[in-house]
Amino acid sequence: MSVRKLYLDRGIGETRGVVTLDGAPERMLIVRDGDGPLTQLGARLVGRVRKVEPAFASAFVDLGGVEALMAFKPDARPVEGQAIEVEIRSEPRDGKLATVRLIGPAEGKPRLLTAAPDIAEHLAFFAKDTPIIEGRQARAMADAAEAEALETIHPLPGGGDLAIEPTRALVAIDVDVGERKGQDVKRVTRQANHTALAESARLLRLKGLGGIVVIDLVGRGHDGNALLTAARTAFSPDNPGVAIGPVGRFGTMEMTVPRRGRALRDILGDGAGGLSDLTLALRLIRRLEAAAASDPGGRLVATCAPSVAQAAKPYGETLAARIGARFVIETNPDWPRDRLDVR
């Protein structure tokens, strides 16, 4: 029986939550100071229908400064200008709007009615009646989950690896077990594919990826029914909304997996393949906290690129309140942005 544990790291500038599945990170939730509340998953708002697109059975809804997209059935077409109550169904990502579901008619101007559940509430949803672990253990788990989520190549238990690469159109997953010879090739290949399906499901949840997913399985002559059953089991936590196709003639399995939250690469990244200044700044803050804990009386000097230091500046007072005013952040314009040093 699978065991899930919950971790909550309340850091300076951001709160991170992690769900583990049998000890491995399965989901990661991040909320940062200043995140807009209007498009967070689960928030309820009054919106106003700005424009209806009958050809796409969708409507653009003004939430009060930001827009969202709402699908509707042909017999339930909204009227432009009407006020409606909606709930955020999926958060904005990759330049695409958030999506909302209709709750019912409303009155008044667009506004927030009920804020989204906080991270602790979200965590409890994934493992009810499970205590939430905080403190150093939670921080270590959050750091490990973040690192794994940002990787492209992931080792498979038992040998081999997975490569998970999101594109604009879909998420491509390649399964590789290397060169295998001998009488156990079929058994090893079969086991690798079943393991790959379970790991793919876990890692997609961790990374916050979904949409169209194509998995390139290893070997040939697959047992399609067995693989379909394994895929349904692996992706069952993502329901409702999962649709899985049979193994194709070229050894690929296609599926659609609902996307609800933002992908971690969108939260942590700079849009150009690297980490954002804010992500690096918050890492620097955590390193200063760790150094302060290991050397209670020492003076700390952090060095980083100028843009990272600028991103860390708003959190200086909060950090000083926690560890004392015994640190300084210096800049080195010759350093790459991802180089951080605390001594």
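User: Arg 16, buried or exposed?
Analyst: Arg 16 counts as buried, because its relative accessibility is 0% and the cut-off for buried is under 20%. Bear in mind that this is a predicted model.

User: Where is the place of Arg 16 in the chain?
Analyst: Arg 16 sits in strand 2, which covers residues 14–21.

User: Which side chain joins Arg 16 in a polar contact?
Analyst: The side chain of Glu 146 does, with a polar contact of 3.2 Å to the side chain of Arg 16.

User: How many salt bridges does the count come to?
Analyst: The count is 27 salt bridges.

User: Let's take a few. What does Arg 10 form a salt bridge with?
Analyst: Arg 10 pairs with Glu 134, and their closest N and O atoms are 3.0 Å apart. The two belong to distant parts of the chain, 124 residues apart. Arg 10 is in strand 1 (residues 4–10), while Glu 134 is in the loop between strand 10 (132–133) and helix 2 (136–150).

User: What does Glu 134 count as by relative accessibility?
Analyst: Partly exposed, because Glu 134 has a relative accessibility of 41%.

User: Next, Arg 44. Which side chain does it meet in a salt bridge?
Analyst: The side chain of Glu 87, at 3.2 Å from N to O. This pair also links distant parts of the chain: Arg 44 is in strand 4 (residues 44–53) and Glu 87 is in strand 7 (residues 83–90), 43 residues apart.

User: Is Glu 87 buried or exposed?
Analyst: Glu 87 is buried, with a relative accessible area of 18%.

User: What about Arg 50, which side chain does it meet?
Analyst: Arg 50 meets Glu 67 in a salt bridge, with 2.1 Å from N to O. Arg 50 is in strand 4 and Glu 67 is in strand 6 (residues 67–71), so the bridge ties together parts that are 17 residues apart in sequence. Both ends are partly exposed: Arg 50 has a relative accessible area of 43%, and Glu 67 has 25%.

User: Changing topic. Which residues gather in a patch of negative charge on the surface?
Analyst: Glu 165, Asp 174, Asp 176 and Asp 216. Of these, Glu 165 is in strand 12 (residues 161–166) and is partly exposed, with a relative accessible area of 45%.

User: Backbone now. Where is there a cis peptide bond?
Analyst: Between Asn 239 and Pro 240, where omega is about 0°. Pro 240 is in the loop between helix 4 (224–234) and strand 15 (243–247).

User: What is phi of Ala 57?
Analyst: Phi of Ala 57 is near 50°, a positive value in a residue that is not glycine. Ala 57 is in the loop between strand 4 and strand 5, and it counts as partly exposed at 26% relative accessibility.

User: What does the side chain of Ser 58 reach?
Analyst: The side chain of Ser 58 reaches the backbone oxygen of Phe 56 at 3.0 Å. Ser 58 is in strand 5 (residues 58–62) and is buried, with a relative accessible area of 13%.

User: And Asp 129, what is its phi?
Analyst: Positive as well, at about 60°, although Asp 129 is not a glycine. Asp 129 is in the loop between helix 1 (119–126) and strand 10. It is exposed, because its relative accessible area is 83% and the cut-off for exposed is over 50%.

User: Last one, the overall picture. How many helices and strands does the chain have?
Analyst: The chain has eight helices and 19 strands. Its C-alpha trace spans about 65 × 65 × 45 Å along the principal axes. Of the 343 residues in the chain, 41% are buried.

Definitions and conventions. Residues numbered from 1 in each chain as written. Predicted model: local features only at pLDDT ≥ 70, side-chain atom pairs only at ≥ 80, totals over all residues. Heavy atoms only, no water. Patch = residues over 30% accessible without salt bridge, like charges linked within 9 Å, V, L, I, M, F, W, Y side chains within 5 Å. Areas by Shrake-Rupley, 256 points an atom, 1.4 Å probe, with all protein chains shown as cover. Salt bridge = Lys/Arg side-chain N within 4 Å of Asp/Glu carboxyl O. Lys, Arg positive; Asp, Glu negative; His and termini not counted. Charge placed at Lys NZ, Arg CZ, Asp CG, Glu CD. Helix = DSSP H or I, 4+ residues; strand = E, 2+ residues; numbered from the N terminus. Buried < 20%, exposed > 50% of the residue type's maximum accessible area, 1.4 Å probe, protein only. Polar contact = N/O pair within 3.5 Å; in protein donor to acceptor, adjacent residues only side chain to side chain.
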